[in-house]
Amino acid sequence: MPVTAAIRVLRAAGAAYTEHPYDYEEKGGTAVSARELGVDEHSVVKTLVLEDDRKKPLIVLMHGNREVSTKELARAIGAKSVAPCTPEDAHRHSGYVVGGISPFGTRRPMPVYMEATILDLPKIYINGGRRGFLVGLSPSELVRILSPTIVRVAI
């Protein structure tokens with residue numbers, strides 16, 4: 001597996017993590033990665049790039065089997081509205097292509113918001129910076145490295 005920007009960040013932080021390559025399927029999402037890794041989709045965390053009403057990008061980390069309430073998120077961050085970025089804008093902000101977006105090693109710094117219940121899991125699987133590649137780590141490692149703002153915006 002080639003070393004991605006995400007892996008460089010994890011190594012530099014001395015993170016305890018495991019690497020999990022799998023066969024990527026276009027538009028398969030977290031259901032495919034969970035199936036391929038033999039884990040519960042709830043423990044696969046998706047990295048979503050959204051933007052607020054001022055076009056400021058942000059990252060939301062959410063359980064694979066849940067959606068983000070953009071109304072609740074906007075309320076939580078003091079924005080008028082929040083919406084998903086286009087795939088092109090997500091790539092421009094993160095440096096990663098959709099399906100391979102990691103919260104680690106993004107092209108430009110963005111605020112990171114994480115669903116509170118992710119902290120309840122013993123281990124999470126999150127994108128390692130390319131399609132078909134997840135890393136497994138404890139939520140506490142993610143918090144230590146990214147210092148995300150904890151929110152309750154799952155639906």
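Student: Which residue forms a salt bridge with R92, and how far apart are the closest N and O atoms?
Tutor: R92 pairs with D89, and their closest N and O atoms are 2.8 Å apart; a salt bridge here is a side-chain nitrogen of Lys or Arg within 4 Å of a carboxyl oxygen of Asp or Glu. Please keep in mind that this is a predicted model, where local features need pLDDT of at least 70, side-chain atom pairs count only at pLDDT 80 or more, and totals for chains, interfaces and linings use all residues. Residues are numbered from 1 along each chain as its sequence is written, and side-chain values use heavy atoms, leaving out hydrogens and water.

Student: Where do R92 and D89 lie?
Tutor: Both lie in helix α4 (residues 87-94), three residues apart, which is about one turn of the helix; helices are DSSP runs of H or I with at least four residues, strands are runs of E with at least two, and both are numbered from the N terminus.

Student: And is R75 buried or exposed?
Tutor: R75 counts as exposed because its relative accessibility is 58%, given that exposed means over 50% relative accessible area, buried under 20%, and partly exposed in between, with a 1.4 Å probe and protein chains only. R75 forms a salt bridge with E72, the closest N and O atoms being 2.5 Å apart, and E72 is partly exposed at 34%.

Student: New topic: how many salt bridges are there?
Tutor: The count comes to nine.

Student: Which residues are linked in a network of them?
Tutor: E25, R35 and E36 are linked that way, and between R35 and E25 the closest N and O atoms are 2.6 Å apart.
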